[in-house]
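Work through the exercises below with the sequence and the 3D structure open. Try each task before reading its solution.

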Amino acid sequence: MDQAVTLRTIAEKGGDFMEETSSTRVIAVSSGKGGVGKTNSVVNLAIAFAKMGKRVLLLDADLGLGNLDVLLGLAPKYNMGHLLRGERTINEVLVKGPEGILILPASSGIQELTNLGPEERLSLSSHLENLQHEIDIMIIDTGAGISSNVLFFNMAAQEIVVVVTPEPTSITDAYALMKVLLQKHGERRFKLLVNTVKSRKEALEVYRKISLAAERFLNISVDYLGCVMHDENVPKSVVQQKAVMELYPDSKASVCYKEIAGTICDLPMRPTLKGGLQFFWRQILNRNI
Ligand SMILES: Nc1ncnc2c1ncn2[C@@H]1O[C@H](COP(=O)(O)OP(=O)(O)OP(=O)(O)O)[C@@H](O)[C@H]1O
Ligand SMILES: [Mg+2]
């Protein structure tokens, strides 16, 4: 697939993007425990959004095991490291996936963001902020756990989606992630996506357990975003390096992804400081962790 994606340049915009209000929704997808279905959720939700006519950008921010590209059978030549070192342009680094979704393969480049000088930060920031005109929804696959990077990407996003399965360890680790985000960063808004369930009833039971504990011990309320059924077509698609939404669009899991995408689109945009791509990139570039 062609690696280069055509995006308009800052010059074409007249460079006044800093003054404009962003309408890009930025969603971080995280989990306490690994292997619960984050990457599959990110990819399939992205395709569901794209089928709804949204322009989607996926950021692979999983430092350890970033694999959005593997899951989609893509072989990106470059990643954000090349962009940061000025070796490639954003157009060269972005990869086009199914339904026109854009992927920024960032896994091995993210660490370098902390080492940029002020001028590099400014130039990169302008470059990246320009994307807000091209993108309706950005979804970040943060990786699992409570490392500073995972926490950081969650803090920079408008919506935090926590993926959990009915396994007790997944439930306790999801709770632990929310607790750390609250205690270290004052984050109080979480949306739960319950994956690999046998029934909606089972999903609601998982949600009930987590939300009761969160209310009682953390004094925060967790929203129920939806559930994804256990579906053998998901691992089957993974083996073929395609998204289940592509190969089996009417499969149980695909129907759930479409439903969740619809729910997210109906959420009001949060008119807070954490709005849009501008805030996101400024946080990334100003961070000190
Ligand atoms: N709804 C589902 N039904 C059946 N299997 C699923 C479902 N969702 C995910 N899986 C399977 O679970 C495994 C892990 O999925 P995935 O890679 O998306 O998890 P992850 O949370 O991104 O993992 P990691 O923390 O390692 O990045 C995959 O093999 C996938 O096929
Ligand atoms: Mg993953």
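**Exercise 1. Compare the span of helix H12 with its expected span, then find its buried residues and their partners.**

Step 1. Helix H12 covers residues 252-266, which is 15 residues. From first C-alpha to last it reaches 22 Å, close to the 21 Å expected at 1.5 Å a residue. The expected span is 1.5 Å times one less than the number of residues. Helices (H or I, at least four residues) and strands (E, at least two) are DSSP runs, numbered from the N terminus.

Step 2. This is a predicted model, in which local features need pLDDT of at least 70 and side-chain atom pairs count only at pLDDT 80 or more, while totals for chains, interfaces and linings use all residues. Residues are numbered from 1 along each chain as its sequence is written, and chains are lettered from A and ligands numbered from 1 in the order in which they are written.

Step 3. A residue is buried if 20 or more other C-beta atoms, placed from the backbone, lie within 10 Å of its own, exposed if 12 or fewer, and partly exposed in between. In H12 the buried residues are Ala 253, Ser 254, Cys 256, Tyr 257, Lys 258, Ile 260, Ala 261 and Ile 264.

Step 4. These buried residues pack against helices H2, H10 and H11 and strands S7 and S8. Contact requires C-beta atoms, placed from the backbone, within 7 Å.

**Exercise 2. Is Ala 75 buried or exposed, and why?**

Step 1. Locate Ala 75 in the loop between helix H3 (68-71) and helix H4 (80-84).

Step 2. Ala 75 has 11 C-beta neighbours inside 10 Å, so Ala 75 counts as exposed.

Step 3. Val 95 lies 20 residues from Ala 75 in sequence, and their C-alpha atoms are 8.8 Å apart.

**Exercise 3. Describe how helices H8 and H9 pack.**

Step 1. Two packed helices are described by the angle between their axes and the distance between the axes. The axes of H8 (residues 168-185) and H9 (residues 200-218) come within 10 Å and cross at roughly 35°. Axes are lines fitted to C-alpha atoms, for helices over the stretch in contact, and angles run from 0 to 180 degrees between N-to-C directions.

Step 2. Among the residues making the contact are Ile 171 and Leu 182 of H8 and Val 206 and Leu 218 of H9.

**Exercise 4. How many residues of H2 are buried?**

Step 1. H2 has 14 residues, and 13 of them are buried.

Step 2. Just after H2, Gly 53 has a positive phi of about 90°.

Note on methods:
Contact = placed C-beta atoms within 7 Å.
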